[in-house]
Structure formats: C-alpha cells, structure tokens
Amino acid sequence: MNQIATAGDLLALKRREAARKAVETRRARMQGMAPPVQTKAASVQRCSHSLQQALAAFDLEAASQSPDWHKAALALKRVLTERPAPQIRKQNLDAVPAPVWHDYPVNGVTSFKLVNPTIIVTFADGEVVRAPAVSRLGKPTNVGRGLRIAIAFYQARKHRERGLRYIWPPAPDITACVCEDTGERYDPEQCTIRTVQARRIKRR
C-alpha cells in the first residue's frame, strides 16, 4: 500500500515539474518572439499571480483522492496562452491633410493595374464597416467607389440581421472615413452628402 502511495506521489511530482517546465518554456519562447517592449510591473505581477494560482490548483488536484486533471489542465492552459495586451500605435491622422475627392471607373482594367486600399467607414449608429476602395495603380484612392461598397456592406448586414426579404434598409449618415493604407481621413460631411443616393432604401 505504501509502495502504491509512493508511486502516486512520484507521479504527481513528475507531473507538477512537467507543468512548471512547460510554463517556463512557453514564456521563454514568447519573450524571444515578442519585440523588445518594456513590461509594466503590474503586468508582470499579474502573470506571476496567475502562475502561482495555476500551480496551486495543480498541487490541490495532485493531493486529492480523485483528481480532476481536466480542471487543472484548463488552469494551466489559461496561464500558457496568456499574453500581455498589445500596444497599439495610433497614427497621427490630424497631420494628414484632407485629400481631394476621387471617384473614377475601374471597369476593363486588368488586375495587374489595380490596388485594393481599405477604407474604414463609421456610420451614425456606431456601425463600423471595412471595405476595399479598388483603385488604379499609381492613382489616388478611389474613395467614391469604396464608400459605395461600404454602404452596400452595411445594408447587406442590416438586411441579414433584421431578417428582411426584399428590402435593404437605408444607411445613416457617415461620421468618419479613414483610409487604412495611407492614413488619409476624409471629411464625413462631404462623404454623407456625396452618398445620398447610395444610402437610400433599396427594394428588390
């Protein structure tokens, strides 16, 4: 009986050491892959606290007569996959002047002479839509075409969410429009005025 208990203790000890090594290896790999960013003390303390809690839960299950290894594995998984919040670098959009409005056809142009910059459009109801503004290579962003696509995406989304059959609801005013690739920010009032027809209700 003692031999069985000793074997069980050794197995639990090996599992605990394996779990600790897995955590250390994972964190070492993450530190090697991540860019050199100064880690805040609060983030380090939080990660260390989470690790201690996971190991304590592992020890508790190891000492139990009927250990729940699934629960302990989930706790370790949370620690292993925990990553610090990414630091988003915001572009200084105020420094980019308002671009001239461009809206030109791209029909008949080969794909080798086209580019697909992405515009991010925010509507008055808070809905955000990303859409491609297909443009000719070497020419300014085709914002007029991109806005029409964004409005179509918005109407299709609301059509699906509301369960409508033959009606595509109208799109509200545009409160922001930014080109993700170039950083250009377009005047929302001008975007709203120039897309009056496209934003109207559609029936099919």
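The numbered points go from the whole chain to single residues.

1. Confidence. This is a predicted model. The protein chain has an average pLDDT of 79, and 74% of the residues reach at least 70. Residues 34-40 fall below 50, and this stretch has three contacts in the model beyond near neighbours in sequence.

2. Fold. Five helices and eight strands make up the secondary structure of the protein chain. Their order along the sequence is α-α-α-β-β-β-β-α-β-β-β-α-β. Of the contacts between residues at least 6 apart in sequence, 63% join residues at least 24 apart.

3. Burial and surface. The protein chain has 204 residues, of which 29% count as buried. It exposes about 14,300 Å², with 55% of that supplied by carbon and sulfur atoms.

4. In soluble globular proteins, nonpolar side chains tend to be buried together. Here the largest nonpolar core has 20 residues, and Ile-119, Val-121, Phe-123, Leu-147, Cys-177 and Cys-191 have the most contacts inside it. At least two core residues come from each of S2, strand S3 (128-132), H4 and strand S6 (174-179). H4 gives the most, with six residues.

5. Ile-119. Leaving aside neighbours within four places in sequence, what is Ile-119 in contact with? The list includes Val-129, Arg-130 and Ala-131, together with Gly-146, Leu-147, Cys-177 and Val-178.

6. Second core. A separate core of nine residues also exists; Leu-51, Leu-55, Ala-75 and Val-79 are among them.

7. Aromatic pair. How many aromatic pairs does a search of the whole structure find? The search finds one. Phe-123 and Tyr-154 form this pair, with ring centres 4.5 Å apart and 35° between the planes, which makes it tilted. The pair links distant parts of the chain, since Phe-123 is in strand S2 (residues 118-123) and Tyr-154 is in helix H4 (residues 143-162), 31 residues apart. Both residues are buried.

8. Lysines. Lys-158 lies in helix H4. Is Lys-158 buried or exposed? Lys-158 counts as buried because its relative accessible area is 10%, below the 20% cut-off. Not counting residues up to four places away in sequence, Lys-158 touches Asp-125, Glu-127 and Pro-169. Lys-139 has its charged end over the ring of Tyr-104, 4.5 Å from the ring centre.

Note on methods. Residues numbered from 1 in each chain as written. Predicted model: local features only at pLDDT ≥ 70, side-chain atom pairs only at ≥ 80, totals over all residues. Heavy atoms only, no water. Phe/Tyr/Trp six-rings, centres within 6.5 Å; stacked < 30°, edge-to-face > 60°. Helix = DSSP H or I, 4+ residues; strand = E, 2+ residues; numbered from the N terminus. Buried < 20%, exposed > 50% of the residue type's maximum accessible area, 1.4 Å probe, protein only. Lys NZ or Arg CZ within 6 Å of the ring centre and 35° of its normal. Contact = heavy atoms within 4.5 Å. Areas by Shrake-Rupley, 256 points an atom, 1.4 Å probe, with all protein chains shown as cover. pLDDT = per-residue confidence, 0-100. Core = buried A, V, L, I, M, F, W, Y, C linked by side-chain atoms within 4.5 Å.
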